[in-house]
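Let's take a walk through a protein model together. Have the sequence and the 3D view ready, and follow along as we go.

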Amino acid sequence: RASIPFFREIEPALIDRLVPYMHQKTYRKGELIFLEGDQGNEIYFIGSGSISIYTFDKSKKVILAFLREGEYFGEMALMKPGLVRSATAECLMTTRLYILRRSDFQLLIENDRNIAFHLLDYTMDRLRRANQQIYDLTFLNVRSRLIKKLIYMMENYTTEDLNDFVIPVKITHQQIAEMVGAARETVSKVLQELQDEGFIQIQDKMIHLQNLKQLKAKLAEED
Ligand code: CMP
């Protein structure tokens with residue numbers, strides 16, 4: 001649990017009290033945790049693996065976020081009774097989740113000020129990112145949006161080796177299209193361009209980036 005920042009905010013004594021109320025569950029790749037519109041009574045902490053948060057209708061899908069080890073989701077529907085899930089959560093790989101029920105989560109917030117602050121901080125980060133997303137969708141073309149998304153994922157999800165940034169999730173062109181709000185064909189074309197220009201390499205659906213600085217410079221130049 002040391003890997004989950006949220007738990008670092010909690011006094012050890014409180015964690016000891018909570019442990020009996022948490023349960024652990026392992027999900028397979030492609031399994032749904034919940035669907036948008038479901039009643040929500042639990043919050044999920046990612047122990048290992050990763051999760052896609054998305055919203056969809058019959059013909060379209062928008063990926064709002066990829067979450068990974070240490071992050072959490074499902075807190076929004078817990079804020080008031082009767083709220084439903086605002087998006088769907090699906091596993092991108094085998095994923096272990098620690099699960100806490102609404103009443104226990106509320107107990108935590110009421111008993112520990114740090115936790116309430118942490119939650120606020122996390123929510124504000126998300127709002128900041130969502131605002132950025134609105135800006136990007138309004139003003140940037142697909143190529144710039146895609147480069148920005150790659151930089152964001154590299155900076156937030158990369159492995160330790162700074163000479164070879166790699167997004168540690170196998171990712172399809174379709175998924176990238178659903179993240180940047182573009183057609184799959186356009187995304188494939190731009191990824192090919194970026195490969196030809198020497199910015200990225202795609203091996204076994206993993207995107208590697210040789211020079212983050214150069215790609216950032218390119219983005220600034222094209223903006
Ligand atoms: P909830 O509404 O209970 O269920 C869906 C969850 O997805 C939501 O809580 C948040 O935890 C998470 N979520 C919703 N929107 C975003 C977003 N834009 N970025 C990251 N996570 C989100």
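Which ring does the charged end of Lys-61 sit over? The ring is that of Tyr-54, and the charged end is 4.0 Å from its centre. For a charge to sit over a ring, NZ of Lys or CZ of Arg must be within 6 Å of the ring centre and within 35 degrees of the ring normal.

Before going on, a word about what you're looking at. This is a predicted model, where local features need pLDDT of at least 70, side-chain atom pairs count only at pLDDT 80 or more, and totals for chains, interfaces and linings use all residues. Residues are numbered from 1 along each chain as its sequence is written, and side-chain values use heavy atoms, with hydrogens and water left out.

**The sheet**

Helices (H or I, at least four residues) and strands (E, at least two) are DSSP runs, numbered from the N terminus. Two strands pair if DSSP finds at least two bridges between them. Four strands make an open sheet here, in the order 1-8-3-6, with antiparallel pairing. Strand 1 (23–27) and strand 6 (72–73) are at the edges with a single partner strand each, so one side of each has no neighbour in the sheet. Five bridges pair strand 1 with strand 8 (residues 95–101) in the antiparallel sense, and His-23 stands opposite Ile-99 in strand 8. Helix 3 (residues 102–111) packs on this sheet, touching strand 3 (42–48) and strand 8. The direction of helix 3 makes about 75° with that of strand 8; such angles run from 0 to 180 degrees between N-to-C directions, with axes fitted to C-alpha atoms, for helices over the stretch in contact.

Elsewhere, strand 4 (residues 50–56) and strand 5 (residues 61–68) run antiparallel, joined by seven bridges. They form a hairpin with four residues between them, and Ile-51 has Leu-67 in strand 5 as its bridge partner.

**Aromatic rings**

How many aromatic pairs does a search of the whole structure find? Seven! Rings of Phe, Tyr and Trp (its six-membered ring) pair if their centres lie within 6.5 Å; planes under 30 degrees apart count as stacked, over 60 as edge-to-face and the rest as tilted. Here are two of the pairs.

| Pair | Centre to centre | Angle of planes | Type |
|---|---|---|---|
| Phe-34 and Tyr-44 | 5.8 Å | 45° | tilted |
| Phe-45 and Tyr-72 | 5.5 Å | 50° | tilted |

Phe-34 in strand 2 (residues 32–34) and Tyr-44 in strand 3 are ten residues apart. Phe-45 in strand 3 and Tyr-72 in strand 6 are 27 residues apart.

Buried or exposed? Buried means under 20% relative accessible area, exposed over 50%, and partly exposed in between (1.4 Å probe, protein chains only). Phe-34 is buried at 9%, and Tyr-44 is buried at 5%. Phe-45 and Tyr-72 are both buried too. Phe-34 and Tyr-44 also form one aromatic cluster with Phe-73, while Arg-85 lies over the face of Phe-34, at 4.1 Å from the ring centre.

Helix 5 (residues 142–157) has 16 residues and reaches 22 Å from its first C-alpha to its last, close to the 22 Å expected (1.5 Å times one less than its number of residues). Its buried residues include Leu-146, Ile-147 and Tyr-157.

Now find Gln-195 in helix 7 (residues 184–196). Gln-195 is partly exposed, with a relative accessible area of 28%. Leaving aside neighbours within four places in sequence, Gln-195 is in contact (heavy atoms within 4.5 Å) with Ile-200, Gln-201 and Ile-202.
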